Amino acid sequence: MARRKGRVTMPESPWDHGATGQANRMGLIIEQRGDIDPDTGETINPNGITGARRIDLLQYWHKRGSISTGGYNAAVMLRDAFEATMRSKPCLPDNDRVQSSPKPDHAVTIQIDRISRYEKLARHVHPQDKTLISACVLDGQHPSRIYGALRTREGLAHLREALDRLSDAMSR
């Protein structure tokens, strides 16, 4: 059986950047890979090697200058405290590890400490900013989720102001 000859297409980059589905590409940036020159601080990449790295939206907005450094730091503190409340010790039935806590209620105490730490930080969020902060910082979504696609700039401006207010409140 004769094969049909057709045009052969090559990908844009010969380097594997992972799966190409829309959900798989979310949060990925393509960047140059190589050694960093200690004198100039620039990346030396004679072969043009690129790679994909996943970043969160807060880091992306901070790098672009959409949010301030103080706002970024406050958002990261709040997000880390929130994510700590989601963690728990492994509860596998066949857990053969030695339990390190001297008291069985120690895990509950740790969880209460995590929740109270988050609550102390969340107390600094201004009431009009709670919905936006919850969506963008805690859930990792874009302000367009709240404002709509046509008001993205307005949403980013509100996020910047909200994170600056949060930073100011936390620094007091």
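Ala, Val, Leu, Ile, Met, Phe, Trp, Tyr, Cys and Pro count here as nonpolar, Asp, Glu, Lys and Arg as charged, and the others, Gly among them, as polar. The model is predicted, so to speak of local features a pLDDT of at least 70 is needed, side-chain atom pairs count only at pLDDT 80 or more, and totals for chains, interfaces and linings use all residues. Residues are numbered from 1 along each chain as its sequence is written, and side-chain values use heavy atoms, without hydrogens and water.

Now follow helix α3 (residues 69–86) to helix α4 (residues 106–122): they pack at an angle of about 150 degrees, with axes 8 Å apart. That makes α3 roughly antiparallel to α4 (over 145 degrees). Their contact (heavy atoms within 4.5 Å) includes M77 and L78 of α3 and I115 and Y118 of α4. It divides into nine nonpolar, two polar and two charged residues.

What angle does α3 make with helix α7 (residues 152–171)? The angle is about 75 degrees, with the axes 8 Å apart, which means that α3 is roughly perpendicular to α7 (65 to 115 degrees). M77 and L78 of α3 take part in this contact too.

Notes:
Axes fitted to C-alpha atoms, helices over the stretch in contact; angles between N-to-C directions. Helix = DSSP H or I, 4+ residues; strand = E, 2+ residues; numbered from the N terminus. Parallel < 35°, antiparallel > 145°, perpendicular 65-115°, else oblique.
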